[in-house]
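I opened the model today to look up its sulfur bridging and one of its sheets. My notes follow.

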Amino acid sequence: MAGCLRWWGEALLSAGLAAFLCALRVQAVCEGATVTQELLKEGFHRDLLLKVDLGVVGEHAGGCTVAARTHLPPGIYVDPYELASLQQHNLTKAVLIPDVVDLEAPEYLATDLLVLLYLEPDPWCSHCFTATLPVHSRYHRPAEDSEEALVILKSPEVLVCCCDNHLPAECWKPAEVEAACSGKNAGPCQWYSVTHKSAHEESILQVPVGLRQHSSMVCAVTLLATVLCSSLILAAVCKYGQFSEVTCSE
């Protein structure tokens, strides 16, 4: 009886040790993936730089398509016409959801955007992928005491689409993506979400805004400029336009 109990104890200890070592291995492999996002330039028109380092996980992603799915809050948007021009010249590749964007809407009337940005291999890093996406800030409501509004951009979700590769299940979870995979196989391919850690959980964009106490002055200056410009246009039309003297004199 004592020998049987000792055998069971050793078996449980071995199983527990094996499970612990397996968990450490999975953690080491999965934590190798990191995501870095950075907002370049200044002002209302910026570039969003994304870089994904798959680390050890990247050893299984050879020949796969890597993309970043990011949510843009109402304070920031992507111009679909600019994006179409960039894609026509093979400078970037992305999918907007929804694909119709109101470019003139202010922040308080706009909605969130979902962007699937396809990443390209980094020539300086064998397991790194990168891409740049032009983004633009929207106008915000005037503030009471601050001349800046903050737009918080969360860290994106890393997606990998493979048609021929067998991916380790401990680091890759099937994901629903409304976009095609540009893999070699013409058949349906599965997108996977990659377990990763972010260099920064969020990026903060500072957008200049007006002050409410300046509203009266802004309205007065705008009205004065409108009247002045309209008068100059009318004077130019009367002086150089093809009108009769009676019409202009009236």
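I checked the handedness of the disulfide first. The torsion about the S-S bond of cysteine 125 and cysteine 128 is about 45°, so this disulfide is right-handed. I counted a disulfide as a pair of cysteine sulfur atoms within 2.5 Å; cysteine 125 and cysteine 128 have an S to S distance of 2.1 Å. The structure holds one disulfide.

The model is predicted: local features need pLDDT of at least 70, side-chain atom pairs count only at pLDDT 80 or more, and totals for chains, interfaces and linings use all residues. Residues are numbered from 1 along each chain as its sequence is written, and side-chain values use heavy atoms, with hydrogens and water left out.

I then looked up accessibility (relative accessible area: buried under 20%, exposed over 50%, partly exposed in between; 1.4 Å probe, protein chains only). Cysteine 125 and cysteine 128 are both buried. Cysteine 229 is at 43% and therefore counts as partly exposed. Cysteine 238, at 33%, also counts as partly exposed.

Next I turned to the sheet. I took strands as DSSP runs of E, at least two residues, numbered from the N terminus, and called two strands paired if DSSP finds at least two bridges between them. The sheet is open, with six strands in the order 5-6-3-10-12-11 and antiparallel pairing. Strand 5 (94–97) and strand 11 (172–175) stand at the edges with a single partner strand each, so one side of each has no neighbour in the sheet.

Proline 174 stands opposite tyrosine 192 of strand 12.

How values were computed
Helices (H or I, at least four residues) and strands (E, at least two) are DSSP runs, numbered from the N terminus.
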